[in-house]
Amino acid sequence: MARASSSRSPAPKSHKRVVSEGSDSEGSEFELLLDPNNPDGIDSHELQTLRPRATASFDDNDPSIKEGDEDHHGEEEEDSPYPEVRAAVRNYDEEGLPCNTVRAWTIGMSLIFLGASMNTLFSLRFPSISLGALIAQIIAWPIGHAWARFMPSKQFTTFGLRWSLNPGPFNIKEHAIIVVMASVSFSVAYATDIILAQIVFYKQDFGVLFQLLLTISTQSLGYGIAGMMRKFLVYPASMIWPGNLVSVTLMNAMYEKPMPPDPTIIGGSMPRYRWFTLVTLASFVYYFIPGFLAQFLSSFAFVTWMAPDSPVVNQLFGQTTGLSLLPITFDWTQISGFIGSPLIPPWHAIANTLIGVVVFFVFGAAFVHYTGLWYGPFLPMSDSGTYDNTGKPYDVSRILTPEFRLDEEAYKNYSPLFLSTTFAMSYGLSFGAITALIVYTYLHHGKTIWRQYRNSTTEKPDVHMKMMRRYKEAPTWWYMSLFVVMLALAFITILAWPTNLTWWAFLLAVFISFGFSLPIGIIQAVTNNQIGLNVLTEFVYGYIQPGRPLALMLFKTFGYITCSQALTFVSDLKFGHYMKIPPRTMFMAQVVATTFSCFIQIMTLNYALKTIPGVCTPTQPEHFTCPGGKVFFSASVIWGLIGPARMFSPGQIYSGLFFFFILGAIVPIFIWMAIKRWPRSWAKYLIAPLIFGGAGSIPPATPLNYLSWGIVGFIFQYVIRHRHFKWWSRLNFLTSSGLDLGLALATLVIFFAFTLHSIDAPKWWGNEVVESTMDTKGTAVQVILPEGQTFGPEEW
């Protein structure tokens, strides 16, 4: 094993491998899963070899960080010049560890099949749930060790290549490859929402070949950009990518010397994977209660049960189309749906998100709705639908030409488009989030970004780059060849079918993605914040070619997702850089995993659309209502069919939402001034982009999802973390993953055992009371107009 020098003491032998070559099953019971942000005063023995700094700071205003601080003391071994990286990433490489193995590929591809198919199916459900790469990281551990223990080690030769089913103990590099494969494949492709909007809402089906070409091209076009950005965003030590530091720390921690049992905490005396198994089993069994047998526990809006026909009560206390002023739920689906587990993000991030929810979606939405600013009395409080001036769902077919373009004369004779209050508010917040992120990044990270950008062009290779040079690099022409192939597939997709997207508009979308990838990537590499291009692409295309809804969806996807995917791939490349994964193995793992997941997702999507009774309808019994597809459809109507000029320009109904651009720019300045004036106050924890954009899933998410998520997050990430840190550091992440996995498995059982066989939930009060309220029916509207009457402006 080759090692570089380090500013820390040399790693003990136990760092090289958890167990000896001949006893892979040992040590797997007490793997270390700790959070890098350990509080002060924790015994170093408890934390083993985790990060020496209490927290990593990337804020220019942090007085504890000094420019040029490299923590070098005398003659020390070589390491990263950045303390955050030194604290998380090993400064040596175990070159002899195999990672491009049959075991890693088999486990990785199997998890891709499960993760991609389950997440695609769950994306059609309300609330939607998802399995993340952390689940794959945890599940792969016991599978890999079991494989090493029971599979034969006989070697084979195929086409001159020697390989074995069991190359030895399951190691950290194989594990890292599996996590990378999960990272690029578990997320549901953005293109699936285009397909849903087409088939379900526009009644336009181009077939499976179009779906595959669209999904593969949109998911993989970013690889070419990622390959070109390696020189600027991966190789330089100054491009830190803070999000990867936690992943690397957790991965390394799983292979450090295991901690002994701790009988002083609940669950501390048992092996950690036994705790994970018990939590998964408990979550699996429990979900049958709120998910099938007693559904009132899922949305415990008891106030609406007492006044089921009161519009105002249902608007304020409803948990489906209301503001959830009493956010009570006993269902992990509601808590983690749309947002993810509250046991993962730090408390300050949760708190900032809650501030935005309470200020804008509770108080702000209520004020706007009941003052009638956006004709609130005639519309629902919170949903993702679009409405006409009679209060009925907007009939898009009345303003569409046979070519699926806007019929302007029919539009003028029909109705302007109206949104629910929270839907309109969400667009204002998306405007504010853009300017807030730009101003916040400049004020808090501007100096760091500029300094590290200059370093990236002049600094010498750090120890990690030197170690990676021992492996053959994936040539740039590999990435460029893939880019050309994906570009060709994308051209075929948009031109071989009547998408209404012109070739030059497609190239403009790709140019936008390419042009913004480097500046956004630099910001993300330093601050861990990514500026999304979704609103920008909607603005651009909505103004240059209005009246083309499908073309808008495609332009938005190629312009936004290509950049987002490119930076995801770059982030994973940096993860591989830190984990010392050979670049050519990384390339193959990423490309194969992404492509394979596209086929799995399209197969799953079509299977669900054909077999689930009433899928994508508001009354689907098991809540497969396609919330994401509905929002995507509504956005295509707003930005593509009708266009932003008719929605947001001066004089239009929602022109006031442009004020959020100004508000988003002002709030970070006030926060920055408060921090300068009172540096030790709570103001230092305020993050303006999170306040504006943290609740971006509303709608289709509801305030119930965020408020209950925040309450549970406060309990685990603040109370338990501070008062019971031993339990939190040992079992928090495993508890979160167990709850998610148990819920997913139970949902699958209910789907295959009951939904597909048309077996309804038991008929009794606990299931029927939920369906009896105006909130659940979606009818909580204060004013229902008589037939023939309209509201809103007389001209539009």
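**Aromatic pairs and a surface patch in a predicted model**

Let me begin with the contacts: of those in the protein chain with a separation of 6 or more, 81% are between residues 24 or more positions apart, a contact being heavy atoms within 4.5 Å. Residues are numbered from 1 along each chain as its sequence is written, and side-chain values use heavy atoms, with hydrogens and water left out.

The protein chain has 30 helices and four strands, taken as DSSP runs (H or I, at least four residues, for helices; E, at least two, for strands) and numbered from the N terminus. Of its 796 residues, 58% are buried, where buried means under 20% relative accessible area, exposed over 50%, and partly exposed in between, with a 1.4 Å probe and protein chains only.

Turning to the rings, a search of the whole structure finds 60 aromatic pairs; rings of Phe, Tyr and Trp (its six-membered ring) pair if their centres lie within 6.5 Å, and planes under 30 degrees apart count as stacked, over 60 as edge-to-face and the rest as tilted. The rings of F210 and W497 have centres 5.3 Å apart and planes at 65 degrees, so this pair is edge-to-face.

A second pair, F624 with F751, is tilted, at 5.5 Å centre to centre and 55 degrees between the planes. Because F624 lies in the loop between α22 (583-611) and α23 (627-642) and F751 in helix α28 (residues 725-755), the pair ties together parts that are 127 residues apart in sequence. F624 is buried, with a relative accessible area of 2%, and F751 is buried as well, at 1%.

At the surface, L495, W503, W504, L507, Y543 and I544 form a nonpolar patch, with about 600 Å² of accessible area together. Such patches take residues with over 30% relative accessible area and no salt bridge, nonpolar side chains (Val, Leu, Ile, Met, Phe, Trp, Tyr) being joined within 5 Å and like charges within 9 Å; a salt bridge is a side-chain nitrogen of Lys or Arg within 4 Å of a carboxyl oxygen of Asp or Glu. Accessible areas come from the Shrake-Rupley method with a 1.4 Å probe, and for residues only the protein chains shown count as cover. Helix α19 gives the most to this patch, with three residues.

Note on methods:
This is a predicted model: local features need pLDDT of at least 70, side-chain atom pairs count only at pLDDT 80 or more; totals for chains, interfaces and linings use all residues.
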